[in-house]
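Here's a quick briefing to read alongside the model. Have the sequence and the 3D view open as you go.

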Amino acid sequence: MRLRVAGAVAALVLGPLLAGCGPSGGTTGAAGAAGAAAPPPADRARGQLQELVDGTTSALTPAVRFADDAFRSVPHENANRDNDGTAQLTLRRYVLTKVGEANRPRLLEQVKAYWTGRGWTLTENSAYAAGARTADGTGVTVTIGVPGNVTVAATARVKDPGATEPFGPAPSPLPTAPGGGPDTVPRFEDPAWS
């Protein structure tokens with residue numbers, strides 16, 4: 001049962017991130033089109049991803065507690081499984097405030113209203129996930145996992161920085177689960193959300 005729940009959580013987290021990928025796994029849209037401008041360096045995309053995550057989280061009223069993971073880079077491969085010189089850079093923010101089931105639709109509505117107010121295109125809209133894409137193809141998603149954990153993730157295709165954590169570890173260590181991995185299950189109560 002534990003494996004099935006973990007698989008469902010992984011599908012909920014990774015599904016929206018991969019939804020914007022074309023057949024070769026690259027980002028679709030202007031940034032992924034043939035002849036389009038080269039992807040930006042990771043350090044330039046870093047600020048944009050931080051703004052996407054910060055803006056999305058700040059749209060939640062009242063404010064929630066959270067922890068950020070490190071920026072993570074995954075090299076992109078072409079159809080021959082050769083690294084094509086690009087990577088997907090991702091920043092994940094884990095909401096540590098418990099969000100009760102009755103309040104989850106409100107949370108998703110708040111972030112969707114923020115995104116559409118900025119003119120971004122909604123790419124995902126379900127009971128457990130919402131996603132948007134900016135004009136340049138950068139993506140942001142909010143997913144709600146099986147135990148109610150909420151994750152905000154922003155992604156961009158960049159020039160491969162050559163490191164998994166190109167900007168170093170997370171700004172503050174994520175809570176650790178008994179198995180040694182990160183513990184991102186919400187633990188803070190808030191009368192407005194929990």
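Let's start with Glu 165, which is partly exposed because its relative accessible area is 32% (buried means under 20%, exposed over 50%, partly exposed in between, with a 1.4 Å probe and protein chains only). This is a predicted model, where local features need pLDDT of at least 70, side-chain atom pairs count only at pLDDT 80 or more, and totals for chains, interfaces and linings use all residues. Residues are numbered from 1 along each chain as its sequence is written, and side-chain values use heavy atoms, with hydrogens and water left out.

**Salt bridges**

- The count comes to seven salt bridges, each being a side-chain nitrogen of Lys or Arg within 4 Å of a carboxyl oxygen of Asp or Glu.
- Glu 165 pairs with Arg 72 through their side chains, at 2.5 Å from N to O.
- Glu 165 sits in the segment after S7 and Arg 72 in strand S2 (residues 72–77), so this pair ties together parts 93 residues apart in sequence; helices (H or I, at least four residues) and strands (E, at least two) are DSSP runs numbered from the N terminus.
- Arg 72 also meets Asp 69 in a salt bridge, at 2.9 Å from N to O.
- Arg 72 is partly exposed at 28% relative accessible area, while Asp 69 counts as buried at 10%.
- Another salt bridge joins Lys 98 and Glu 189, with the closest N and O atoms 3.0 Å apart.
- That pair links distant parts of the chain, 91 residues apart: Lys 98 is in the loop between S3 and H3, and Glu 189 is in the segment after S7.
- Lys 98 is partly exposed at 32% relative accessibility, and Glu 189 is exposed at 59%.

**Confidence**

- The protein averages a pLDDT (the predictor's confidence in each residue, from 0 to 100) of 82, and 80% of the residues score at least 70.
- Over residues 1–35 pLDDT stays under 50, and the model has 44 contacts for them beyond four places in sequence; contact means heavy atoms within 4.5 Å.

- H2 (residues 42–58) has 17 residues and should span 24 Å, in agreement with its end C-alpha atoms being 24 Å apart; the expected span is 1.5 Å times one less than the number of residues.
- Buried residues of H2 include Ala 42, Leu 49, Leu 52 and Thr 56, and their cover includes S1, S3, H3, S6 and S7.
- Thr 138 lies in the loop between S5 and S6 and counts as buried at 5% relative accessibility.
- The side chains of Thr 138 and Gln 48 make a polar contact at 3.4 Å (a pair of N or O atoms within 3.5 Å; within protein, one must be able to donate a hydrogen and the other to accept it, and residues adjacent in sequence count only if both atoms are side-chain atoms).
- Beyond its neighbours within four places in sequence, Thr 138 is in contact with residues including Leu 49, Leu 52 and Thr 155.

**Nonpolar core**

- The largest nonpolar core has 29 residues, of which Leu 49, Leu 107, Trp 115, Val 140 and Val 142 touch the most other members; such a core is a set of buried Ala, Val, Leu, Ile, Met, Phe, Trp, Tyr and Cys residues joined through side-chain atoms within 4.5 Å.
- H2, S3, H3, S5, S6 and S7 each give two or more residues to this core.
- Val 142 touches, among others, Thr 56, Leu 107, Trp 115 and Val 152.
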